[in-house]
Amino acid sequence: MALIDLIQRQLDDNTVSQLSQQLGADPNTTRQAVPAALTALLGGLSQNVQQPGGAQQLDSALAEHEGGTGGNLATLLGGGSIGSQGGGILGHIFGNHQPAVASQVGQRTGLNQAQAARLLILLAPFVLHYLAKQRQQQPVNAGAGYAPAGGGMAAGPAGGITDILNGERQRIEQTHPQHSGLFDILGNLAGGLLGGRR
């Protein structure tokens, strides 16, 4: 199941209420903003794995999230450390472009920039736990090199995570085309996401 489908299934009234309270936004706006925030997070990760060494870095980060209890969004939201955990993840994904990304998400969803930034923070751990699970379910041979996003899949962690992210992007473009433009915006950020954080 794709990430966008999995999280939509978990957006029951209770979970949306939890998110809304933490954002200070109304439930309808919150529910509609989640796909855009997911698109931004996956887009940032996709940009990062196209940088030299980026896929290997992400693969190492995902290894740290394997075996956790991150499959349930409501459970993650109830944890006290999600704010600091999510903030750290965003720093690795977007670096100093975080305000620009939050602004783009806000413009597309009706959230203000602070609310959009908070939503990204809350969803980031869930996204990494999901990708870590996908990584476990698609074992590959270690030791092979990085496969560019536009090319064939390499046998190895880098090729595996690139393939997973490409699949998630295609799913969003099919089911939520109104948000797919975020991929292009992220790709056009000056300096690139990975390099821009230094």
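User: What is meant by a nonpolar core, and which residues of the largest nonpolar core touch the most other members?

Analyst: A nonpolar core is a set of buried Ala, Val, Leu, Ile, Met, Phe, Trp, Tyr and Cys residues joined through side-chain atoms within 4.5 Å. In soluble globular proteins, nonpolar side chains tend to be buried together. In this predicted model, the largest nonpolar core has 53 residues, of which Leu41, Leu119 and Leu123 touch the most other members. Helix α8 (residues 113-137) supplies the largest share of this core, namely 13 residues. Setting aside residues up to four places away in sequence, Leu41 is in contact with Leu90, Ile93, Phe94, Leu120, Leu123, Ala124 and Val127.

User: Is Leu165 buried or exposed, and which residues does Leu165 touch?

Analyst: Burial is read from relative accessibility, with under 20% counting as buried; Leu165 is therefore buried, at 2%. Leu165 belongs to helix α9 (residues 157-175), and, leaving out residues up to four places away in sequence, touches Leu42, Leu45, Ser46, Val49, Leu58 and Leu131. The C-alpha atoms of Leu165 and Gln47 are 9.9 Å apart, although 118 residues separate the two along the chain.

User: What span should helix α7 have?

Analyst: At 1.5 Å a residue, the 12 residues of helix α7 (residues 98-109) should span 16 Å, which agrees with the 17 Å between its end C-alpha atoms. Just after α7, Gly110 adopts a positive phi of about 90°.

Definitions and conventions: Residues numbered from 1 in each chain as written. Predicted model: local features only at pLDDT ≥ 70, side-chain atom pairs only at ≥ 80, totals over all residues. Heavy atoms only, no water. Helix = DSSP H or I, 4+ residues; strand = E, 2+ residues; numbered from the N terminus. Buried < 20%, exposed > 50% of the residue type's maximum accessible area, 1.4 Å probe, protein only. Contact = heavy atoms within 4.5 Å. Expected span 1.5 Å × (residues − 1).
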